[in-house]
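Student: I would like to go through this chain by question and answer. Please begin with the terms you need.

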Amino acid sequence: MLALVREFAKFGTVGGIGIFVNFGVFNLCRGITRLPVVRCSVIATVVAIAFNYLGLRYFTYRDRDRGGPGREVALFAVFSAAGLVIENGVLYVATYAFGWDTPFQNNAFKFLGIGTATLFRFWAYRAWVFRTRPGHGPRHALPHDAPAGAPGDPAAYRPETTAPPP
């Protein structure tokens with residue numbers, strides 16, 4: 001459970017910075033262009049997705065199986081595109097179906113869309129894109145330079161022995 005909490009915290013760190021990137025690009029695009037609000041949001045989401053890929057690959061899931069960079073990038077793109085549709089679908093419905101189109105409402109519904117899409121992305125990236133290496137669980141509980149079998153290492157307990165765990 002502790003490993004999952006740490007993983008979610010790292011995912012949240014990258015995602016939190018990605019949210020600032022997303023909102024920054026979104027509001028900049030809205031302020032300096034005459035593009036429709038949802039189009040600005042899609043542009044901002046794409047920029048944030050690129051940022052998030054780098055953060056997730058090299059920070060959050062650096063210890064996970066790559067399974068081939070082409071496969072990883074393709075799956076990341078597919079699940080990110082689904083998240084883009086979820087995120088911007090919320091903004092689209094609020095803007096065009098309900099007419100909620102003030103800057104405050106745009107940002108509020110973009111935030112709601114990001115939150116909804118984040119839950120989907122966390123599950124998808126964890127389950128499909130950045131998978132645990134076969135035979136290896138994530139080793140978030142120990143420092144990266146800790147030797148195998150160190151106290152707290154879940155791999156130290158070998159259930160095939162009759163001795164109790166340390």
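Tutor: Helices (H or I, at least four residues) and strands (E, at least two) are DSSP runs, numbered from the N terminus. This is a predicted model, in which local features need pLDDT of at least 70 and side-chain atom pairs count only at pLDDT 80 or more, while totals for chains, interfaces and linings use all residues. Residues are numbered from 1 along each chain as its sequence is written, and side-chain values use heavy atoms, with hydrogens and water left out.

Student: Which residue with a positive phi follows H3?

Tutor: Helix H3 takes in residues 69-97. After H3 comes a residue with phi near 75°, and that residue is Gly99.

Student: In what order do the elements of the chain run from the N terminus?

Tutor: There are four helices in the chain and zero strands. Read from the N terminus, the elements run α-α-α-α.

Student: How far apart are the end C-alpha atoms of H1?

Tutor: H1 has 31 residues, so at 1.5 Å a residue it should span 45 Å. The distance between its end C-alpha atoms agrees, at 45 Å.

Student: What share of the residues in the chain is buried?

Tutor: Buried means under 20% relative accessible area, exposed over 50%, and partly exposed in between (1.4 Å probe, protein chains only). The chain has 166 residues, and the buried share is 31%.

Student: Which helices are included in the cover over the buried residues of H3?

Tutor: The buried residues of H3 include Glu72, Phe76, Phe79, Gly83, Glu87, Asn88 and Leu91. Residues three or four places apart on an α-helix point the same way, because there are 3.6 residues a turn. The cover over the buried residues of H3 includes H1 (2-32), H2 (37-60) and H4 (103-129).

Student: And which helices are included in the cover over the buried residues of H4?

Tutor: Among the buried residues of H4 are Asn106, Lys110, Gly113, Ala117, Arg121 and Tyr125. What covers the buried residues of H4 includes H1, H2 and H3.

Student: Is Ser41 buried or exposed?

Tutor: Ser41 is in helix H2. With contact meaning heavy atoms within 4.5 Å, Ser41 touches Asn22, Phe26, Glu87, Asn88, Leu91 and Lys110, residues up to four places away in sequence being left out. Its relative accessibility is 1%, so Ser41 counts as buried.

Student: What is the relative accessible area of Ala50?

Tutor: Ala50 is also placed in helix H2. Its C-alpha lies 9.5 Å from that of Ala77, 27 residues apart along the chain. Ala50 is partly exposed, and its relative accessible area is 44%.

Student: What is the C-alpha distance between Phe120 and Phe79?

Tutor: Phe120 lies in helix H4 and is partly exposed at 23%. Beyond its neighbours within four places, Phe120 is in contact with Phe79, Ala82, Gly83 and Ile86. Phe120 and Phe79 are 41 residues apart in sequence, and their C-alpha distance is 8.5 Å.

Student: How are the rings of Tyr125 and Phe130 arranged?

Tutor: Rings of Phe, Tyr and Trp (its six-membered ring) pair if their centres lie within 6.5 Å; planes under 30 degrees apart count as stacked, over 60 as edge-to-face and the rest as tilted. The count by this rule is 15 aromatic pairs. The centres of Tyr125 and Phe130 are 6.4 Å apart with planes at 80°, so the pair is edge-to-face.

Student: Which ring does the charged end of Lys110 sit over?

Tutor: A charge sits over a ring if NZ of Lys or CZ of Arg is within 6 Å of the ring centre and within 35 degrees of the ring normal. Lys10 lies over the face of Phe59, at 5.4 Å from the ring centre. For Lys110 the distance is 5.3 Å, and the ring is that of Phe26.

Student: How many disulfides are found in the whole structure?

Tutor: A disulfide is a pair of cysteine sulfur atoms within 2.5 Å. Cys29 is buried at 9%, and Cys40 is buried at 0%. The number of disulfides found is zero.

Definitions and conventions: Expected span 1.5 Å × (residues − 1).
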